[in-house]
Amino acid sequence: MKVLFLFCTLVLTSGFFSTNEDHAFHLSKTDIVYQPKEKTLQLTMHIFIDDLEVALEKQGKKSLSVGTEKEKAGVNDLINQYVQQNFGLTVNNKKTPLLFVGKEATADKQALWVYLEIKDVKNINSLTVENKMLTEVYPDQKNLVQVIVPTKKAHSFVLERGKTTNTARF
């Protein structure tokens, strides 16, 4: 599992998909990092723009030009709505609201970094992640998740259609 996670991280961050052609597999990556001094969970999602646009088109949103200078007004709200519908966290058995912080396109304009935050997390004993991102679009979609809590063992797992939830215990 760790080798697959490292390979996928390398693929996502290396510019492996450097053309506008469709990529061979469907993958997203989410890092969840607990910041005890700030009492926050900081989330960073890496999502391919073309896949996200297909998902939004299925909801009736067309020609959004996400991540470009031609991006339509209101795209941040649409992305936030999509994330809220398809991604959730339960901290210490309590469902927690996600705050959309922003997004930015990668240098090659192939993917987005989406930033989210959860405030007022005083401690963390368990974290249940539900990640259905893009599984309604692609049967082979894999969503890698890494949870990092300082001074505790990191947890990594892959979520996919049919298994969209997992819990990390600390």
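## Strands E2 and E6

In this predicted model, strand E2 (residues 40-48) and strand E6 (residues 111-118) pair in the antiparallel sense over eight bridges, where strands are DSSP runs of E, at least two residues long, numbered from the N terminus, and two strands pair if DSSP finds at least two bridges between them. Seven of the nine residues of E2 are buried, that is, under 20% relative accessible area with a 1.4 Å probe and protein chains only.

Strand E1 (residues 27-35) runs antiparallel to E2 and is joined to E2 by seven bridges; valine 33 stands opposite glutamine 42, while isoleucine 32 has leucine 43 as its bridge partner. Four residues lie between the two strands of this hairpin, and lysine 39 in the turn has a positive phi of about 55°.

## The sheet and its helix

Six strands form an open sheet of mixed pairing in the order E5-E6-E2-E1-E8-E9. Its edge strands, E5 (99-105) and E9 (155-160), each pair on one side only. Helix H2 (residues 49-58; helices are DSSP runs of H or I, at least four residues) packs on the sheet and touches E2, E5 and E6, a contact being heavy atoms within 4.5 Å.

## Confidence and conventions

The chain averages a pLDDT of 89, pLDDT being the predictor's confidence in each residue from 0 to 100, but pLDDT stays under 50 over residues 13-21.

Residues are numbered from 1 along each chain as its sequence is written, and side-chain values use heavy atoms, with hydrogens and water left out. Local features need pLDDT of at least 70 and side-chain atom pairs count only at pLDDT 80 or more, whereas totals for chains, interfaces and linings use all residues.

Terms used
Buried < 20%, exposed > 50% of the residue type's maximum accessible area, 1.4 Å probe, protein only. Axes fitted to C-alpha atoms, helices over the stretch in contact; angles between N-to-C directions.
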